[in-house]
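Subject: Structure handover

Hello,

Here is the structure I promised to pass on. My notes follow below it.

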Amino acid sequence: MASCFFLLKQFEDVLIYLNSVKSYFYNDDSFNFNYAQAKATAGNFKEAEEIFLLIQSEKIKKDYIYLSWLARCYIMNRKARLAWELYLKMETSGESFSLLQLIGNDCYKVRHWNRLCCRIAFT
């Protein structure tokens, strides 16, 4: 049922289902990946960041979707520098450019833009 609500973009309903089973899947990276995305989409960025950081799978941690959502959580939690460090670790590619755009747009949205630009300019 949670998958259906996920596809319908009804993330509050997704969270109802995932919250009810989270104790059974605490160490499951796929579950945590989906759970963190649902939390972030619902605006619970602090909890989403914590859940994203529980993920151990290197395959997931290298995935652009993971990186972009974690960067967004960092920015929304006023940790723009950590989002920038995610970008710096990437090799030059279309995905790295997309992440850079996401970081710039999200920093602008939450008014971190000036701070981030100053940090980038002086690093």
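Helices (H or I, at least four residues) and strands (E, at least two) are DSSP runs, numbered from the N terminus. Along the sequence, the chain reads α-α-α-α-α-α-α-α-α. That is nine helices and zero strands.

A word on the source. This is a predicted model, in which local features need pLDDT of at least 70 and side-chain atom pairs count only at pLDDT 80 or more, while totals for chains, interfaces and linings use all residues. Residues are numbered from 1 along each chain as its sequence is written, and side-chain values use heavy atoms, with hydrogens and water left out.

**Burial and core**

Buried means under 20% relative accessible area, exposed means over 50%, and partly exposed lies in between (1.4 Å probe, protein chains only). Buried residues account for 39% of the 123 residues in the chain. In soluble globular proteins, nonpolar side chains tend to be buried together.

A nonpolar core here is a set of buried Ala, Val, Leu, Ile, Met, Phe, Trp, Tyr and Cys residues joined through side-chain atoms within 4.5 Å. The largest one has 37 residues. Within it, L18, F52, Y66, A71, L99 and I103 touch the most other members. Elements giving two or more residues to this core are α1 (2–7), α2 (11–21), α3, α4 (45–52), α6 (64–76), α7 (80–89) and α8 (94–109). The most comes from α6, with nine residues.

**Helix packing**

Axes are lines fitted to C-alpha atoms, for helices over the stretch in contact, and angles run from 0 to 180 degrees between N-to-C directions. Angles under 35 degrees count as roughly parallel, over 145 as roughly antiparallel, 65 to 115 as roughly perpendicular, and the rest as oblique. A crossing is left-handed if the near helix is turned anticlockwise from the far one by less than a right angle, and right-handed if clockwise.

- α4 packs on α6 at about 135 degrees, with axes 9 Å apart. So α4 is oblique to α6. The crossing of α4 past α6 is left-handed.
- α7 packs on α8 at about 170 degrees, with axes 10 Å apart. The two helices α7 and α8 are therefore roughly antiparallel. α7 also passes α8 in a left-handed crossing.

**Aromatic rings**

Rings of Phe, Tyr and Trp (its six-membered ring) pair if their centres lie within 6.5 Å; planes under 30 degrees apart count as stacked, over 60 as edge-to-face, and the rest as tilted. The whole structure holds five aromatic pairs. One of them joins F25 and F31, stacked at 5.3 Å centre to centre with 25 degrees between the planes. F31 and Y35 are also stacked, because their centres are 5.4 Å apart and their planes sit at 25 degrees.

F31 and Y35 are four residues apart in helix α3 (residues 29–41), so about one helical turn separates them. Both are buried. F31 has 10% relative accessibility. F25, at 35%, counts as partly exposed.

A charge sits over a ring if NZ of Lys or CZ of Arg is within 6 Å of the ring centre and within 35 degrees of the ring normal. R72 lies over the face of W69, at 5.6 Å from the ring centre.

**A loop residue**

D63 is in the loop between α5 (58–61) and α6. At 33% relative accessibility, D63 is partly exposed. D63 and E95 lie 32 residues apart in sequence, and 9.7 Å apart in space, C-alpha to C-alpha.

Best wishes
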